[in-house]
Amino acid sequence: MQIKGTELFVKALNHEGVDTLFAYPGSYDMDILDTLYQQNDIEVILPRHEQGLIHAADGYARSTGKTGVCLVTSGPGATNLVTGIATANYDSVPLVCFTGQVSTNLIGNDAFQEVDIIGITRPICKYGITVRHREDLGRIIKEAFYIAASGRPGPVVIDLPKDMMIAMGDDAYPETASIRGYKPNAGVHNGQLNKVVKMLKAAKKPLFLIGGGVHTAAAGTSLTKLVNQTKVPVVTTIMGKGAIDTANPLYIGNLGMHGIYAANMAVNHCDLLISIGTRFNDRITGRLDTFATHAKIIHIDIDPASISKNIKVDVPIVSDAKTAIDALLEMTDCCEQQEWIHEIYDHLAADHNAAAKESSLPQKIIQQINTLFKDVIVVTDVGQHQMWAAAHLHLSNRKKLLTSGGLGTMGYGLPAAIGASLGNPDKQIICISGDGGMQMNIQELATATAYELPIIICIFNNSYLGMVRQWQQLFYDKRYACTCLRKKKSCQEQCQGPGLQCPEYSPDFIKLAESYGAYGIRVHHPNDINAAFLKAMNNKDAPTVIEFIIDSEELVLPMVRGGQSLENMILDY
Amino acid sequence: MTKRWISLYVENQIGVLAKISGLFSGKSYNLESLTVGPTGNETISRVTIGLISDDATFEQVKKQLSRCVEVITVIDFTNKPILIKELMFIKIKNCTAEHKNQLFQIAQTYQVSPVDYGKNSLILECVLTEAQNDHLIKLLNSLFGECEVVRGGSVAIESI
């Protein structure tokens, strides 16, 4: 049977099990939206900006394990996706992004709202292609969903010229995709795993280093079994946190620039590092030639290009995390190293002492979230609040963290929380953002209100772009260039840094929340945190913004200065 | 840092060449030469790439290329016997009769062919290795002043 391109598009989405589509209209996707309007299987969500749209699809994908799907128009609609595509690419999130395009006969003419979005996104997506023949449409969509979700997942961009979408053509949608240049690795090399087992037996100080790949592979339960069986302690990257319950006695904490002291010491003192699903990003390793110098390194990753890219490893294993962990479960037994665990616990005591001593407002807020919420997805923006959340949140099977780890995209938090809320209507969604990041996609408050999403949005307002301010304080002799968000033209001359003389913060987040139809609560004192959360939990018909007034000079500690060894942690200031 | 040669089979599609060359520029790999052309199968193109890198970077280059959906096969020519040649045309201008005689002798010695001939100028077609072509350019420039050179980049195939 002959059907329109738009009809095959909707049929394809149905076959791929898409229930939610994040879309923004324009000249070159309105034909598709018109066809979508005439069906009820796919819910079409309208965010208020395409950047918010793609982060919402990203949050939806990360929190449900499904592929996030975006539909935007050509030109500016497409270019507004760029930051979100790069964000998803760095954190291996499966997205299929459909962009409208001018008709094929106009491509290259500098037509109205024409951009080469495939060219623009080529280095930041897993795959991108323009549909140039109506007969290719079904195959290309099938391949897009297959590529996005398989192997190391990532964003795929499909450019849809208008004439392709209105042309009549075959209604067939392929059952399977087979791409000769793309064969993601399946299975695991047993010879390599045997080496792991031998090395694990011989090791005196073994350590697991767990990255986001374990979440992607849904291998948390398998990992927990393996850890409990082998009694090998665990450190995580920010992306890997929560793969094992943070209450597990063998869980140490995050490592890296803003990791905890005990985790960094463990990495630098271990004699065997079994890393799974991480790419040894510079924020994790610190100075490379001082990283884990006493250890043999095993690296399990689905992406061969991630292995021995930054760190030369002794045993490379190309495999899906779950496949490899399940195989190791069969092959290993207990190899408890009490002395090693006690050595780590001694370092942990130092962390606990430091934390107890500080116990700042941000930390108290996170602790309150830990206490009050049993079934929760926390979504952060990027900056100091993200590091506080990553350090202090308790995570488990029922408590998840979504964060832009690789790209560090400010403006990610609120829209991603909206996506998570749409995908998980039964869970409490908490967005933790800063006053800077919140304003990068604040228009999405309208989306959250429109869809009546009871998200609790915590704004950690310290009047500054706090993470950069922290670096300025510690490493730039307190020259606060471009980081004060209260600064006005009239206070340029006499500015002495943050203080009572500063102008009022603009905007007033509470009034702003209320103008969108959301609830607003402002919290100044630690004693009011609990009541604010309790009130917010009861607001079921709209989001609640809780603005926490944070001291401007609050620091994220401990930290390792960029490019320094993990040993050189700044613990106190 | 070593000179290396690899060959790719890729999808004969719009944008594939941009993808491969973009990978080299985006990741700061040192691309020396790249040639591309169709194969017997019209859906597949063959690419020959010459690059200079250390061992670790070379491993990354191969992995990153393999990772591209559009790249079907990556062939590493390191430690493999290969046939490798580069086509070069070189135009020598302002030649006297004596210069031309000399050029015919050079052509015979280097096994390159004079393929075009004018009153004051001459074109040599050279199918040599990249290093031999480099050497010939140097020689001709020293004898006849700056010559006009166009090089096609090397193509390589594994020996039988």
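The questions and answers below concern a predicted model and the packing of its helices, domains and chains.

Q: Why are H3(A) and H5(A) called roughly parallel?
A: Helix H3 (residues 50–64) of chain A and helix H5 (residues 82–90) of chain A pack at an angle of about 20°, and their axes are 8 Å apart. Angles under 35 degrees count as roughly parallel, so H3(A) is roughly parallel to H5(A).

Q: Which residues make the contact of H3(A) and H5(A)?
A: From H3(A) come Gln51(A), Ile54(A), His55(A) and Asp58(A), while H5(A) contributes Thr83(A), Gly84(A), Ile85(A), Thr87(A) and Ala88(A). Sorted by class, the contact of H3(A) with H5(A) has three nonpolar, five polar and one charged residues.

Q: Is the crossing of H3(A) and H5(A) left-handed or right-handed?
A: The crossing of H3(A) and H5(A) is right-handed. That term applies if the near helix is turned clockwise from the far one by less than a right angle.

Q: How many nonpolar, polar and charged residues does the contact of H9(A) with H14(A) have?
A: The contact is made by Leu193(A), Val196(A) and Val197(A) of H9(A), together with Ala327(A), Leu328(A) and Met331(A) of H14(A). Ala, Val, Leu and Met are among the types that count as nonpolar. The contact of H9(A) with H14(A) accordingly has six nonpolar, no polar and no charged residues.

Q: What does the domain assignment of chain A give?
A: The assignment gives domain 1 (2–170), domain 2 (190–353) and domain 3 (361–553). The centres of domain 1 of chain A and domain 2 of chain A, taken over C-alpha atoms, are separated by 37 Å. Six residues from domain 1 of chain A and six residues from domain 2 of chain A take part in their contact. On the side of domain 1 of chain A that touches domain 2 of chain A, one residue is nonpolar, three are polar and two are charged.

Q: How many residues of chain A are in contact with chain B?
A: Contact with 15 residues of chain B involves 14 residues of chain A. The side of chain A that touches chain B divides into eight nonpolar, three polar and three charged residues.

Terms used: Residues numbered from 1 in each chain as written. Chains lettered and ligands numbered in written order. Predicted model: local features only at pLDDT ≥ 70, side-chain atom pairs only at ≥ 80, totals over all residues. Axes fitted to C-alpha atoms, helices over the stretch in contact; angles between N-to-C directions. Helix = DSSP H or I, 4+ residues; strand = E, 2+ residues; numbered from the N terminus. Parallel < 35°, antiparallel > 145°, perpendicular 65-115°, else oblique. Contact = placed C-beta atoms within 7 Å. Domains from an automatic or database assignment.
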